[in-house]
Amino acid sequence: MKIPFNRPVAVGPEFAYMQQALQTGKISGDGMFTQRCHSLLEEELGVPRALLTSSCTHALEMSAILLDIQPGDEVIIPSFTFVSTVNAFVLRGARPVFIDVRPDTLNLDENLLAEKITPRTRAIVPVHYAGIACEMDAIMEIAAAHGVAVVEDNAHGLFGRYKGRYLGTFGVMATQSFHETKNFMMGEGGALLINDPALIERAEIVREKGTNRARFFRGQVDKYTWVDIGSSYLPSDMLAAFLLAQLEARERIQQHRQRIWLRYHEQLRAWAEKNDVRQPHIPPEVEPAWHLYYLLLPSLDARQRFIAHMAAHDIKTVFHYLPLHLSDMGRRFGGQVGDCPVTEDVSDRLVRLPLYNDLDEAALQIILNAVEAFSV
Ligand SMILES: *Cc1c(COP(=O)(O)O)cnc(C)c1O
């Protein structure tokens with residue numbers, strides 16, 4: 001295809017930084033570039049601790065360990081999300097309780113939360129879909145009233161805001177993804193943001209194979225030993241070097257993505273109205289992170305014809321997510337057709353347009369023309 005759906009691109013000194021990482025003589029985890037990524041995230045977001053991880057999936061797994069999720073605990077998760085959001089908790093023995101999304105933002109429907117909470121509920125995991133914030137005031141209020149933790153899956157939402165406050169700073173923890181399909185990339189990678197300082201020390205241990213290695217290197221303990229459960233959740237400093245260049249270019253990257261996003265949004269408005277296609281909705285109190293641009297076609301058939309039409313114009317478009325409650329695993333947890341009607345509906349009709357960090361004006365014009373040439 002001439003125009004891919006996504007393309008990883010270097011935006012600055014990625015390779016110079018990788019060379020420097022090698023020259024430091026240390027390319028395993030927690031080297032100089034990892035520390036610089038941590039500081040940048042902590043200072044920019046104002047979070048007490050940011051820890052790079054080998055993926056967002058692994059950051060989610062860490063959050064489940066840090067919350068001491070036990071077999072039989074319930075965790076409330078939108079059915080409309082990536083598998084890792086739920087898998088991380090199921091790995092600890094949790095029972096996922098799937099919740100539907102709002103038809104306007106496709107975010108967890110906070111109005112359904114109260115009926116999902118039971119005495120066994122331990123956590124709520126909102127996903128800021130497409131980088132557009134969930135209704136965090138309502139979610140935090142219900143969680144606090146029931147003593148339930150909130151972990152934000154912020155894979156789409158880095159540098160997005162809700163009522164002026166950065167996404168990822170609301171929950172007790174938040175997880176980021178730096179997979180090559182996200183706004184900022186290192187191939188495979190992620191981060192755990194920790195907003196409750198009481199969890200920091202254990203997070204460092206869990207991330208370092210259950211050892212107190214981080215404290216040992218800081219000279220805070222005189223023995224480096226096994227103290228808790230854990231795994232190896234650190235990325236190589238080589239990858240952190242690549243990521244640092246991406247994070248340093250955050251303003252340029254976000255401005256570029258915002259420009260493309262708004263061009264899609266404004267230029268396709270008339271076409272969308274005429275063809276009964278719904279565009280994304282941005283609530284007034286939300287500043288998006290401009291992660292992805294989607295269209296909701298009127299039917300599954302129209303969506304499939306749209307993807308084929310775009311492919312015929314050499315443009316790759318994709319859909320996601322299949323409802324988790326209706327997946328093979330979801331059904332083992334009792335998921336049934338009708339449990340999450342909005343998710344079941346939009347999952348059939350959603351399509352994503354190309355959006356990447358060097359998508360240029362010429363490609364944008366080709367995409368816009370191809371979309372406008374499609375009629376439902
Ligand atoms: C990409 C993504 C993940 C997983 O990220 P990885 O870094 O690939 O593990 C988790 N949740 C959501 C919502 C995502 O989009």
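## Accessibility and the residue Asp-68

A residue counts as buried when its relative accessible area is under 20%, as exposed when that area is over 50%, and as partly exposed in between. In this predicted model, Asp-68 has a relative accessible area of 40% and is therefore partly exposed. Asp-68 lies in the loop between α3 and β2, the latter covering residues 74–78, and its phi is near 55°, a positive value in a residue other than glycine.

## The chain as a whole

The secondary structure of the protein chain comes to 15 helices and 12 strands, and its C-alpha trace spans about 70 × 55 × 35 Å along the principal axes. For 376 residues a compact globule would have a radius of gyration near 21 Å, and the protein chain, with 21 Å, agrees with that expectation.

Of the 376 residues, 58% count as buried. When contacts between residues at least 6 apart in sequence are considered, 69% of them join residues that are at least 24 apart.

## Helix α7 and its packing against α3

Helix α7, which runs over residues 200–207, packs with helix α3, residues 56–66, at an angle of about 125°, and the two axes are 10 Å apart.

Because six of its eight residues are buried, α7 is largely enclosed by the rest of the structure. The buried residues are Ile-200, Ala-203, Glu-204, Ile-205, Val-206 and Arg-207, and they pack against α2 (32–45), β1 (49–53), α3, β9 (190–194) and α8 (213–217). Just after α7, Lys-209 takes a positive phi of about 60°.

Val-227 has its place in the loop between α8 and α9, where α9 covers residues 237–248, and with a relative accessibility of 44% it counts as partly exposed. Leaving aside its neighbours within four places in sequence, Val-227 is in contact with Ile-205, Gly-210, Thr-211 and Asn-212, and Ile-205 is one of the buried residues of α7. The C-alpha atoms of Val-227 and Val-206, which are 21 residues apart along the chain, are separated by 9.2 Å.

## Helices α10 and α15

The axes of α10 and α15, the latter being residues 361–372, come within 11 Å and cross at roughly 25°. Since angles under 35 degrees count as roughly parallel, α10 and α15 are therefore roughly parallel to each other, and their crossing is right-handed. The contact is made by Arg-259, Ile-260, Arg-263, Tyr-264 and Gln-267 of α10, together with Glu-361, Leu-364, Gln-365, Ile-367, Leu-368 and Glu-372 of α15. Divided by class, this contact has five nonpolar, two polar and four charged residues.

Glu-251 also belongs to helix α10, which spans residues 250–267, and with a relative accessible area of 61% Glu-251 is exposed. The C-alpha atoms of Glu-251 and Gly-210, 41 residues apart along the chain, are separated by 36 Å.

## Loop residues elsewhere in the chain

Glu-110 is found in the loop between β3 (95–99) and α5 (113–116), and at 9% relative accessibility this residue counts as buried. If residues up to four places away in sequence are not counted, Glu-110 touches Arg-102, Glu-135, Ala-138, Ile-139 and Ile-142. Ala-130, in the loop between β4 (121–124) and α6 (136–146), counts as buried at 2% relative accessibility, and its phi is near 65°, a positive value in a residue other than glycine.

A further backbone feature concerns the peptide bond from His-320 to Tyr-321, which is cis, with omega near -25°. Tyr-321 has its place in the loop between α12 (300–312) and α13 (328–332).

Definitions and conventions:
Residues are numbered from 1 along each chain as its sequence is written. This is a predicted model: local features need pLDDT of at least 70, side-chain atom pairs count only at pLDDT 80 or more; totals for chains, interfaces and linings use all residues. Side-chain values use heavy atoms; hydrogens and water are left out. Axes are lines fitted to C-alpha atoms, for helices over the stretch in contact, and angles run from 0 to 180 degrees between N-to-C directions. Helices (H or I, at least four residues) and strands (E, at least two) are DSSP runs, numbered from the N terminus. The radius of gyration is taken over C-alpha atoms; the globule rule is 2.2 Å times the number of residues to the power 0.38. Buried means under 20% relative accessible area, exposed over 50%, partly exposed in between (1.4 Å probe, protein chains only). Contact means heavy atoms within 4.5 Å. Angles under 35 degrees count as roughly parallel, over 145 as roughly antiparallel, 65 to 115 as roughly perpendicular and the rest as oblique. A crossing is left-handed if the near helix is turned anticlockwise from the far one by less than a right angle, and right-handed if clockwise. Ala, Val, Leu, Ile, Met, Phe, Trp, Tyr, Cys and Pro count as nonpolar, Asp, Glu, Lys and Arg as charged, and the others, Gly among them, as polar.
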